[in-house]
2 protein chains.
Amino acid sequence: MDKDLRVVIVGGVACGPKTACRLKRILPSAKITIFEKGKDISYGACGMPYYIGGVAEEIKALCDTPVGVTRDVGFFKNVKGFDVECGKEVVAINREEKTVTVKDVDSGTETKVPYDKLVLATGGKPVRPPIKGIEANGVQHFHSLNDCRKLDEQLKGGKIKKVALVGAGLIGIEMAEALIDRGLEVTVIEMFNYIIPALLDEEMGLLAGKHLKAKGVNLAMGSPVTEFVTDGNGNLTAVKTKDNEYPADLAIVAIGVQPNNELAQKAGLAIAPNRGIMVNEYGQTSDPDIYAGGNCVATNYVYPVMGRPLFTPQGSTANKEGRVIANHIAGLTEPFPGVLGTVICKAFEYNIGRTGLSERWARDLNIDVETVLWTGPDRPHYMPGSGPLAIKLIVNKKNRKLLGCQIVGPGDAAKRLDIAVTAITLGATLEQLAYLDLAYAPPYALPIDPINTAAHVLQNKLDGLAKGISPLVAKKKIDEGNVVLLDVRTPWEFEEVGLPYDVVHIPLGALRSKAQELPKDKEILAFCKLSLRGYEAQRILEEKGFDNVCFIEGGVIGWPFELRTNQ
Amino acid sequence: MDKDLRVVIVGGVACGPKTACRLKRILPSAKITIFEKGKDISYGACGMPYYIGGVAEEIKALCDTPVGVTRDVGFFKNVKGFDVECGKEVVAINREEKTVTVKDVDSGTETKVPYDKLVLATGGKPVRPPIKGIEANGVQHFHSLNDCRKLDEQLKGGKIKKVALVGAGLIGIEMAEALIDRGLEVTVIEMFNYIIPALLDEEMGLLAGKHLKAKGVNLAMGSPVTEFVTDGNGNLTAVKTKDNEYPADLAIVAIGVQPNNELAQKAGLAIAPNRGIMVNEYGQTSDPDIYAGGNCVATNYVYPVMGRPLFTPQGSTANKEGRVIANHIAGLTEPFPGVLGTVICKAFEYNIGRTGLSERWARDLNIDVETVLWTGPDRPHYMPGSGPLAIKLIVNKKNRKLLGCQIVGPGDAAKRLDIAVTAITLGATLEQLAYLDLAYAPPYALPIDPINTAAHVLQNKLDGLAKGISPLVAKKKIDEGNVVLLDVRTPWEFEEVGLPYDVVHIPLGALRSKAQELPKDKEILAFCKLSLRGYEAQRILEEKGFDNVCFIEGGVIGWPFELRTNQ
């Protein structure tokens, strides 16, 4: 290896600085320069909604190390040992002579800079749909630190009252909370009929959406935006959808991110169908001296379980890719194993997360899957902080391996999600998941952790013991008629809340003696608050000779549609 | 299978009821009876410290289902479909005629009850050491619901001011918090020199112990109890150790639990060297019609990684064993894979957890291991709830597989511990742990999760890049002299707190220019607040020609001994 390797990095937000820091530690002799066309470097973009919402008090905090040192040009020079040049745009790569053309953004001057190894960390940019009026004042994105500063100023101005968030993805959901916390009227507009539709299955997205509604977010689902309506001065006044019109002083368009691939494309590097720069497992592009990482690449190295390339722009992935690239440049070959499309977001009191294959993705890949929706508390009910979770597991029927997991609710979802991530990565079967010796004490979990129990229920389904159906299937059956809904909860639970249909109410403790009141010629859908008593009802009725009984998974807590309440 | 299988279960707390509930669901025709010699059934014993501490408001809550129904005899009869008889002690098993002799505790009457399958769930009992004065009034255990009620009454009486907790295991630590919360003066007495010595490595136990001290617990470590001192009326007045004497109105002896194996032993069933009833992976004892589970068994089915049988009395294990036993009785053969000795406990603001092999256990088994102690925040510093963690990983040097993990600190330790549990169970290598696609968003984690980063540092150590030493080793080197301590933190960090020794203070950003001030003939121990800058200092100095530099893992945050503070 060249002792004084010249490394040029394009882009100074996440993958770029990570690559430089790691490389400098393992190859201290490397001469590293980062060119960043903007003014902001190494900031925590994922923290921006928390600054807008008032959780992070200073925008500066997004640029600081944990001990309060700002990661600026001087920091990288003195502490980390490499150069960062801001306001410098790399406009061309000259692969034959191994130089990049760098343009000074202010003066327009261009200079050529030689490299031995080049790293493209050009990031992504928000998708900008060709909708009428999108150029209006007040229609904007929330992607860069500048976008964040601008929005903050606008909100401080006090004239913004109503905000439309276009797209119910992660940014849309996080911003909904942030803007409600700032006292605004918020409408989330989404063309699919549930939130985070790209990543969640329908019942999970519907369930999470109910919480947003309860927190005062206006959800406008199932209808695409057709126009940003303006007044005579070109200022936004409303957002029109196929079905409706929503007054708005400001619209934030957050329907996705696409890779910044122009520089790579111009240089003739291979680009994937999803528009990301193609890289191998070491981050090398089609030119072995040029690497790429972060939101500008296509993650075409994937876990076998995922079945197809993913584009999941995530700060976590960008940072890991930076490490892999630095390693490879320094001669340490450590392949990046890929991602499971893991995401999590907080929405008011709910945690919403997913990893691996969704049921829909699995079916698209023609994988024969079984699923379960389990609901229950995350720790003993007598402990403070105890809250329910809805856990959906997706397994391959053939080998019982876990393929995916989605979790929604106020309980500790993040922990169970990360257990699922680890289990899927390592090829765990349902049986292995069911008996994991997870950490138990009342402040943290139940003796049998919720994810163990969810696995047990799915085992019971696959073993033919538990006849659970998802709430989506149950709703369809109810709408079609000719089923009996059997509520086996206690009278006080029944009084408080329930499914908004005609139901037969027999508390589980009375079911053995009152079973004969139920008809044998109709399908019976048993349910309770969660799932256990519904399942027990199914087993008791089967013992009594009923042969067409199932239970609604998730019970009342997991019911993703309207409920009957006593208010 | 016999259609009306008669199943007798001995013991009604955890494994017993779980076995019965599961069995009744999968084999509804089974006739099940639980005999419990006490009056309390199916209670959450692990919740008792939280009742004493005032976290759980009612003791009844420990016996309720999440919807508030008490799990009493009527509940099990009507809802679950089996019989529970309290005040009935099984005094003998007649294996040839397949009956048990049941004694009515009040009347003394004995009856014989036939069984097809018998399940022993007789639990454990607190170890009672033969120490002088242990029979004194005021020397007691905290094991059963009755112990809990008694203690609660005593504390309500208002005469108890000083409590000695004998044994710094899980119960001792949980009770220390509970009793401090009730306004008492608490001394924890432990013969080892750090807390939870059976399960934690020394530096982790020392680090956790510092937090207890900071919260006002008097830690009397490293000296065994020699006598419970009494007044003329046989009432406790003090606890004497080899080195000291601690005034106490009450002493709670919690030095461990041992299996209740008498019934099994009398019946000639095989007993393990650790005194647990021997069972196979289906919970069968040496008599195939007799099963045993919970705290009365020896977990002699173990993960290969553990290397030896474990006795880890845990509610989580008892419940899973109940499921396995019920399955096997009903003809579903699902082996119990064993446990990793996972435990977690809350101690004031700290979470303390461990799983798998400790470094000490691994060395006892002659496994060549490498370890790392990593410290850092669990999520971005600008997010509320962000707190540091100290994570220790233990890997097999030969195959880089994760063997164990210990975590201490106010950050979210439970999540990372459960990731480690899953990883160890599934045979993960360090490389797999390092790149897990864990869920990232600012409320939950850092872009590279702490456990990913800990794995990275350990990779760096194994790859010869990072020369980290544990604080125990560092302390030894400092005590022996002839080392230079190099503090590379910022001036304001240095001002606030530090190691209580002569140190050279050069902030990392100045190290490249000031390196020549350091001697080349002495070993340099670099450190920072956490570990990263210490490691970077090592790399910078190596680049400058220093060949005897290492860094202290965990930095100031992970230093388990006294610190210099500016107060």
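So, how do the two copies meet? They meet through the same surface, because 100% of the interface residues of chain A are also interface residues in chain B. Before I go on, a word on what you're seeing: this is a predicted model, where local features need pLDDT of at least 70, side-chain atom pairs count only at pLDDT 80 or more, and totals for chains, interfaces and linings use all residues. As for labels, residues are numbered from 1 along each chain as its sequence is written, while chains are lettered from A and ligands numbered from 1 in the order in which they are written.

Back to that interface. On chain A, 75 residues are in contact with 75 residues of chain B; "in contact" says that the C-beta atoms of two residues, placed from the backbone, lie within 7 Å. Which elements give two or more residues to chain A's side? Among them are helix H1 (15-26), helix H3 (73-80), helix H8 (315-329), strand E21 (343-347) and helix H10 (413-425) of chain A. Helices here are DSSP runs of H or I with at least four residues, strands are E runs of at least two, and the numbering goes from the N terminus. The largest share of that side comes from H10(A), with 9 residues. By type, chain A's side has 45 nonpolar, 16 polar and 14 charged residues. For the record, Ala, Val, Leu, Ile, Met, Phe, Trp, Tyr, Cys and Pro count as nonpolar, Asp, Glu, Lys and Arg as charged, and the others, Gly among them, as polar.

Let's look inside one chain. Chain A is assigned domain 1 (6-123 + 258-329), domain 2 (139-255), domain 3 (349-462) and domain 4 (468-559); those bounds come from an automatic or database domain assignment. Taken over C-alpha atoms, the centres of domain 2 and domain 3 of chain A are 30 Å apart. Their contact takes 9 residues from domain 2 of chain A and 11 from domain 3 of chain A. Domain 2's side of it divides into 6 nonpolar, 1 polar and 2 charged residues.

What about the core? The largest nonpolar core has 366 residues, and Leu120(A) and Leu120(B) touch the most other members. A nonpolar core is a set of buried Ala, Val, Leu, Ile, Met, Phe, Trp, Tyr and Cys residues joined through C-beta atoms within 7 Å. A residue is buried if 20 or more other C-beta atoms lie within 10 Å of its own, exposed if 12 or fewer, and partly exposed in between, with C-beta atoms placed from the backbone. Beyond its neighbours within four places in sequence, Leu120(A) has contacts including Val10(A), Leu263(A) and Ile277(A).

Buried or exposed? Gly81(A) counts as buried, with 23 C-beta neighbours inside 10 Å. Leaving aside neighbours within four places in sequence, Gly81(A) is in contact with Lys24(A) and, over on the other chain, Arg512(B).

Of its 5 residues, the number buried is 0, so E6(A) lies largely in the open. Strand E5 (residues 99-104) of chain A runs antiparallel to E6(A), joined by 5 bridges; strands pair if DSSP finds at least two bridges between them. Thr101(A) stands opposite Lys112(A) there. E5(A) and E6(A) form a hairpin with 5 residues between them, and Gly108(A) in the turn has a positive phi of about 80°.

One last stop: Arg275(A) also has a positive phi of about 80°, although it isn't a glycine. Look for Arg275(A) in the loop between helix H7 (262-266) and strand E18 (277-278) of chain A. Arg275(A) counts as partly exposed, with 15 C-beta neighbours inside 10 Å.
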